[in-house]
Amino acid sequence: MSFKIIENVFELNYLLNKLTVKDIMIKDVKTTYIKGLLTLTLADESSDASWYEEATPTADGTETFRQLSLGGCELARKIRITYKLAEMAVQDFITYIVEMMAKKTGQALAIGVVSGNGQRPGYAAEPTGILTTLAKSENSDQVIATGITEMNLAAAMGKIPDNYSPKWYANRQTIWGALYGIKNANGDSIMVADPINGGVYKIFGVPVIEEAAIPAGQVLLSDAYETYHLNFNKQIMLERGKNIETRHHIFTGYAIADGAVVAPKASVLVKNA
């Protein structure tokens, strides 16, 4: 893993690029690095443009705007190792620690993006996840809760507006235990490998992506980039400290980030009843 040390701080160069394939959704969402409270102005509804005769005045458009604020949620993970272990370890041991911290941090970020609980009294602040947002009553049309079937997957495709480019996200158990087992009228799996694009499996021409943060028995159809905005107030860092009294090296992964859904209609959840 590529990193540099600045006064005992490991600056991970866009750590998101080092995460495992199981955390791929956080690579797909829109990501910014803006300090402070980020306020986004979003258009929920917007009328279309029209053609006009030369002498006809242009009609007023119809827009419905709302604001979304992203603050700062603290994400941290700490590992302690003894001086003795560090001295006896091979040269690559520190790199191993960095990679393990990247994996743990990536998993926590992915869970936040998928099912984070947002701001709750008495609890640590988290990003507001996609599934959390779709579970709200105002987004009930974006959830199909009558089973993972061919007809329900097709219905999900029909709910995504034409201007979005979605992917299917599910964990490995659901992909191979549910999706692959769905057969078409000819008895073939509806999940087909695309040899032109590296053998990526597709359903109805849409890529199937393994995402460990999606719960078993659920499939998310989402244009993740258009659905979700993730902002880092502080980019992910790995800091190394010492406790001389206890003779420990202390590695702490740390980030300040927040995220929320900006376009619920760009995602549909299909799940078992």
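## Close-up views of a predicted model

Figure 1. The model shown here, and in every view below, is predicted. Helix α3 gives the most to the lining, with four residues. The lining has 13 residues in total. L75, A108, G112, E126 and P127 lie nearest the centre of the pocket. What is the volume of the second largest pocket? The volume is about 190 Å³. By type, the lining residues divide into nine nonpolar, two polar and two charged.

Figure 2. The chain holds seven helices and 15 strands. It has 273 residues, and buried residues make up 39% of them. Now take the contacts with a separation of 6 or more: residues 24 or more positions apart account for 73% of these. The chain exposes about 15,300 Å². Carbon and sulfur atoms supply 51% of that area.

**Figure 3. W176, Y180 and Y201 form one aromatic cluster.** A pair of aromatic rings is described by the distance of the centres and the angle of the planes. A search of the whole structure finds four aromatic pairs. One of them joins W176 and Y180. This pair is tilted, with 5.3 Å centre to centre and 50° between the planes. The rings of W176 and Y201 also have their centres 5.3 Å apart, and their planes are at 85°, so this pair is edge-to-face. Which parts of the chain does the pair of W176 and Y201 tie together? W176 lies in helix α6 (residues 172–179), while Y201 lies in strand β10 (residues 200–203). The pair therefore ties together parts that are 25 residues apart in sequence.

Figure 4. W176 has a relative accessible area of 43%, so W176 is partly exposed. Y180 is partly exposed, with a value of 34%. Y201 is partly exposed too, with a value of 28%.

**Figure 5. L238 is a buried residue in a strand.** L238 has its place in strand β13 (residues 228–243). How large is the relative accessible area of L238? The value is 1%, so L238 counts as buried; the cut-off for buried is under 20%. A255 is 17 residues from L238 along the chain. The C-alpha atoms of L238 and A255 are separated by 9.0 Å.

**Figure 6. F204 is a loop residue with a positive phi.** Most residues other than glycine have a negative phi. F204 is not a glycine, yet its phi is positive, at about 55°. Where is F204? F204 has its place in the loop between β10 and β11 (206–210). With a relative accessible area of 37%, F204 is partly exposed.

**Figure 7. R247 is another loop residue with a positive phi.** R247 is a residue other than glycine, and its phi is near 60°. R247 lies in the loop between β13 and β14 (248–261). Is R247 buried or exposed? The relative accessible area of R247 is 52%, so R247 is exposed; exposed means over 50%.

Key: Residues numbered from 1 in each chain as written. Predicted model: local features only at pLDDT ≥ 70, side-chain atom pairs only at ≥ 80, totals over all residues. Heavy atoms only, no water. 1 Å grid on protein atoms, 1.4 Å probe; cavity = no way out; pocket = protein on both sides within 12 Å on 5 of 7 lines; lining within 4 Å. Points joined across faces, edges and corners; volume = space filled by probe spheres on them. Helix = DSSP H or I, 4+ residues; strand = E, 2+ residues; numbered from the N terminus. Nonpolar A, V, L, I, M, F, W, Y, C, P; charged D, E, K, R; others polar. Buried < 20%, exposed > 50% of the residue type's maximum accessible area, 1.4 Å probe, protein only. Contact = heavy atoms within 4.5 Å. Areas by Shrake-Rupley, 256 points an atom, 1.4 Å probe, with all protein chains shown as cover. Phe/Tyr/Trp six-rings, centres within 6.5 Å; stacked < 30°, edge-to-face > 60°.
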